[in-house]
Amino acid sequence: MSTPILWTSTFSSGSIAHQVAMVSGVPFEARFVSIRAGDTRRPDYLAMNPKGEVPALQLPDGTVVTEIPAILSWFAEAAPDSGLLPRDATGRAKGLEWLAWCHWTMGRSFSAAFNPRILVGEDQAAQQAVRAHATGRAAQALAFADAAVAKARGTLLGTAQPMAPDIFLAGLFAFGGFLKLDVAAFTHLAALQARVAAMPGVAAAQAAEQARG
């Protein structure tokens, strides 16, 4: 293996890592697996990533990096001129703070709203309760992020161009649409999402996933 391999799945949280990888300009190979078909639970995949999840970044030396903030940070470090994270210590810490917030929010609220069964099993009433509560928390999180983007004048860190945390947040905003949340009031997030979608790397990643279906 001469280049990193990004294991991901289309239209999933792995799409965020795919987009950031493309923006970085770092050479890599994207390998798509199907969560629905159970590809991430197959022995060969589990041998590479015992967590059985996507995304996973397999480096040429055999190291495997998982969890979205870590993967996004790796691409930012590998391509310091990409502008994915600030270079100064304080700005970088704030960027990592927002990556952590997005990741925690996705797991705590969005994932539970999409698939409450992972928390409560097959109990239908419990699933409905978890989904309703998690959906409400997702809406609250988007409202919080919308205010933060407004305060920073367009991006989470107040930068001229969207960075890795902004790409992650744009993904969460898209997930809000899939949950059928009323996002009409989140005008600052909508504007940020449009700017992120216009980034050539992001557009290329989205086109590749669309082509795969």
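Reply: On a 1 Å grid over the protein atoms alone, a pocket is an open set of points with protein on both sides within 12 Å along at least five of seven lines, and lining residues have an atom within 4 Å of a point. Grid points are joined across faces, edges and corners, and a volume is the space filled by probe spheres set on the points. This is a predicted model, in which local features need pLDDT of at least 70, side-chain atom pairs count only at pLDDT 80 or more, and totals for chains, interfaces and linings use all residues. Residues are numbered from 1 along each chain as its sequence is written, and side-chain values use heavy atoms, with hydrogens and water left out.

Me: What volume does the largest pocket have?
Reply: The volume is about 1100 Å³. The largest pocket is lined by 30 residues, and the closest to its centre are Ser12, Ser13, Ile35, Val54 and Ser111.

Me: Which element supplies the largest share of that lining?
Reply: Helix α4 does, with six residues. Both α4 (89-114) and α7 (164-178) supply at least two residues each. Helices (H or I, at least four residues) and strands (E, at least two) are DSSP runs, numbered from the N terminus.

Me: How many residues of each class are in the lining of the largest pocket?
Reply: There are 13 nonpolar, 13 polar and four charged residues. Here Ala, Val, Leu, Ile, Met, Phe, Trp, Tyr, Cys and Pro count as nonpolar, Asp, Glu, Lys and Arg as charged, and the others, Gly among them, as polar.

Me: And what is the volume of the second largest pocket?
Reply: That pocket has about 370 Å³. Its lining has 20 residues, with Phe11, Ser15, Gln19, Ala174 and Gln206 closest to the centre. Two or more residues come from each of α1 (14-24), α7, α8 (187-197) and α9 (200-212). Helix α7 gives the most, six residues.

Me: Turning to the sheet, what is the strand order?
Reply: The order is β2-β1-β3-β4, in an open sheet of four strands with mixed pairing. Two strands pair if DSSP finds at least two bridges between them. The edge strands, β2 (29-32) and β4 (64-66), each pair on one side only.

Me: How many bridges join β3 to β4?
Reply: Three bridges join β3 (residues 56-58) to β4, and these strands run antiparallel. Ala56 stands opposite Thr66 in β4.

Me: Which helix packs on the sheet?
Reply: Helix α3 (residues 68-78) does, touching β1 (5-8), β3 and β4. Contact means heavy atoms within 4.5 Å.

Definitions and conventions: On a 1 Å grid over the protein atoms alone, a cavity is a set of points where a 1.4 Å probe fits but cannot get out, and a pocket is an open set with protein on both sides within 12 Å along at least five of seven lines; lining residues have an atom within 4 Å of a point. Axes are lines fitted to C-alpha atoms, for helices over the stretch in contact, and angles run from 0 to 180 degrees between N-to-C directions.
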